[in-house]
Amino acid sequence: MDFDLTEDQKLIQQTVREFVQKEVAPYAAYYDEREEFPEEIFRKLALINFFGIIFPEEWGGVGADYVTYALAMEELAAADGSVALSALAHISLCSNHIYLAGNEEQKRKYLVPLIQGELLGAWGLTEPNSGSDAKSLRTTAVLDGSEWVLNGSKMFTTQGTVCDVVVVMAITDKTKGHHGISAFLVERGTPGFSSVKLRNKLGMRGSDTAELIFENCRIPKENLLGQEGQGFIDSLRVLEGGRIGISALAVGIGRAALEESIKYSKQRVQFGRPIADFQAIQWMLADSEVELEAARMLTLRAAYLKDRGLPIKKEASMAKLYSSRACVHAVDRAVQIHGGYGYMGEYPVSRYYRDAKLCEIGEGTSEIHRMVIAHQLLKE
Amino acid sequence: MNIIVCIKQVPDTTTKVRVGKDGKHIDPGGVKFIVNTYDDFAVEEAIRLKERFGGEVTVISMGPERVKEALRMCLAMGADKAIQLWDPAFEDSDPYTTALILSKAIQQLPYDIIFCGKQAIDRDTMSVPVYLAELLGLPQATLVVKLEVDPNARKFIAYRDIEGAKEVIEGLLPAVISTQWKLNEPRYPTLPNIMKAKKKELKELNAAALGLDSAQVGEKGSRVKVLSMELPPPRSKGKILKGDPREVCRELVRLLREEAKVI
């Protein structure tokens with residue numbers, strides 16, 4: 001067994017850490033407060049080719065593995081959870097769906113500029129009345145001559161109002177259930193496609209969340225992404241990789257919360273000594289450290305298995321379930337350690353606290369992941 | 001242009017440094033190492049010259065196995081080749097012997113200009129670039145904040161900040177330039193370049209390959225020996241004077257004169 005990272009993995013981790021601590025972290029509070037999407041930060045991430053980590057060089061990517069991706073995502077999330085979430089939707093969902101299912105022409109037209117950060121991507125599966133139960137999808141696509149006509153709406157789509165292109169899942173054959181769903185590429189500005197920014201989220205306020213509306217939205221026939229009827233099946237593969245991303249994201253937010261807790265507990269003096277001297281505080285720090293390290297292990301192991309082409313259905317769900325819980329625990333303790341100051345928003349821990357909850361809901365709720373894990377156990 | 005950059009791997013500024021058991025070295029346990037901050041400017045300037053005039057950037061560092069990581073970082077920034085100089089005999093080299101070792105490696109290469117960071121942030125001696133220029137018999141400009149190079153005329157113009165003024169030096173190439181922080185803004189290595197760095201050449205040279213014998217290098221060859229190393233004494237608690245302002249003032253002056261002995 002080898003727990004050591006390779007030289008490439010270490011160098012990328014170190015580079016991303018230095019980069020995001022200097023170029024991303026200082027602005028997190030600003031965008032959070034304004035509920036504004038940080039376009040400039042995205043442009044900066046493109047400079048080091050952050051969006052290309054998991055894609056091969058032939059498409060302009062970095063050609064690194066999922067372990068590297070998880071390490072980089074942890075670093076980004078430790079700097080700004082919202083930016084990490086946006087990057088995740090852009091890379092793991094939108095770009096990766098095109099990479100996995102797209103044809104040469106679609107990859108050239110969309111994947112290459114997405115990787116370079118020239119286009120911003122979104123991905124829409126969830127609908128107002130269809131969350132974990134993807135079978136209840138209502139958005140439809142009907143072929144009319146040389147065009148597909150989309151009707152319906154999508155909910156909680158990350159990057160919904162700021163994206164240049166969105167991958168949309170829609171029903172093409174009602175009678176076939178999962179095998180009647182197809183994926184489509186819709187560009188911003190297409191007549192019949194509009195989006196509404198959803199405000200006042202609990203956290204992740206620097207990320208853009210929107211409702212997408214399709215009203216007789218006509219797109220060219222060639223914008224079908226992947227095989228007709230394969231959209232949902234492809235989505236499952238896309239989501240599997242995405243779970244490694246969100247799991248690493250949870251570890252990153254939790255780690256930032258723990259680091260702030262350590263710093264604060266050494267500075268804050270009560271009863272004549274730093275509160276870090278008190279066992280009550282020490283136990284909280286120790287618990288967070290253990291849980292986050294365990295979460296990191298589960299995440300990296302799922303990534304390691306994926307890099308070897310092994311099945312990760314159970315492992316990715318375990319990582320996502322556990323990491324998001326560890327994150328929520330860590331941010332809770334962090335606010336507790338900061339006391340009144342933690343509640344007031346003067347320190348970043350209150351933002352971590354609000355951001356963390358997303359991890360237990362987005363990309364499959366914790367309950368859904370328990371179902372996935374149990375299903376794998378019982379079928380064996 | 002053939003451009004050479006000498007770099008040093010140093011403990012990260014955020015690392016808590018401890019003195020090792022022998023009382024002469026830093027305890028390397030748990031220390032995170034980075035490329036010396038001032039060397040980043042040297043690497044950046046070298047890459048910019050290459051991008052402008054073409055040529056090749058070779059990064060050189062003396063140090064044990066771990067310096068390979070620092071060299072890879074420079075390759076990831078855009079340097080073309082790297083050379084690690086190491087031999088157990090190099091242990092405990094002072095700035096003079098370090099410059100001697102570097103000079104032997106450089107003499108084996110074609111070069112038009114040599115960059116060094118103005119100082120390493122661990123020992124802060126500021127002397128390796130100066131020794132190096134002397135040993136190679138080259139002109140030098142230290143603490144350079146702006147540099148103009150004309151490869152055809154084989155000339156350089158270097159700007160240095162001096163107290164209240166700017167000093168401008170013109171010299172002939174090849175030369176040794178030591179870089180100060182205002183010179184440029186070092187780039188971040190891009191992630192694809194990090195991956196590509198692995199495929200670039202990283203050569204190792206030992207004392208024999210450099211034509212050095214062990215009496216010339218390391219502690220034996222050094223003019224400066226480290227006798228002991230200790231941390232600065234912990235800051236003692238401040239004193240707060242209370243009471244009538246006149247009295248407090250008088251007491252403060254007395255303490256400054258008699259206890260602190262600063263006035």
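## Where domains 2 and 3 of chain A meet

In this predicted model, 14 residues of domain 2 of chain A are in contact with 14 residues of domain 3 of chain A, contact meaning heavy atoms within 4.5 Å. The C-alpha centres of these two domains of chain A lie 30 Å apart. Together they bury about 1,100 Å², with carbon and sulfur atoms giving 72% of that area; buried area is the accessible area (1.4 Å probe) that two parts lose on being put together, summed over both. Trp123(A), Leu202(A) and Met204(A) stand out here: they supply 46% of the area that domain 2 of chain A buries against domain 3 of chain A, more than any other three residues.

What about polar links? Between domain 2 and domain 3 of chain A there are zero salt bridges (a side-chain nitrogen of Lys or Arg within 4 Å of a carboxyl oxygen of Asp or Glu). Two residue pairs are in polar contact across this interface, both at pLDDT 80 or more. A polar contact is a pair of N or O atoms within 3.5 Å; within protein, one must be able to donate a hydrogen and the other to accept it, and residues adjacent in sequence count only if both atoms are side-chain atoms.

## How the chains are divided

Chain A is split into domain 1 (7-120), domain 2 (122-229) and domain 3 (232-379), with bounds that come from an automatic or database domain assignment. Chain B has domain 1 (2-221) and domain 2 (235-263), and their C-alpha centres lie 47 Å apart.

## Where chain B meets chain A

Here 17 residues of chain B are in contact with 22 residues of chain A. The area buried between the chains is about 1,700 Å², and carbon and sulfur atoms give 64% of it. On the chain B side, Tyr188(B), Leu191(B) and Met195(B) lose the most area to chain A, together 40% of what that side buries.

Three salt bridges are counted between chain B and chain A. Glu7(A) forms a salt bridge with Arg72(B), with the closest N and O atoms 3.2 Å apart.

## The nonpolar cores

The largest nonpolar core has 127 residues, and those touching the most other members are Leu45(A), Phe50(A), Leu76(A), Ile113(B), Phe115(B) and Leu147(B). Such a core is a set of buried Ala, Val, Leu, Ile, Met, Phe, Trp, Tyr and Cys residues joined through side-chain atoms within 4.5 Å, where buried means under 20% relative accessible area (1.4 Å probe, protein chains only). A second, separate core of 29 residues includes Met62(B), Ala133(B), Val176(B) and Leu212(B).

## Reading the numbers

Residues are numbered from 1 along each chain as its sequence is written, and chains are lettered from A in the order in which they are written. In this predicted model, local features need pLDDT of at least 70 and side-chain atom pairs count only at pLDDT 80 or more, while totals for chains, interfaces and linings use all residues; side-chain values use heavy atoms, leaving out hydrogens and water.

Methods
Buried < 20%, exposed > 50% of the residue type's maximum accessible area, 1.4 Å probe, protein only.
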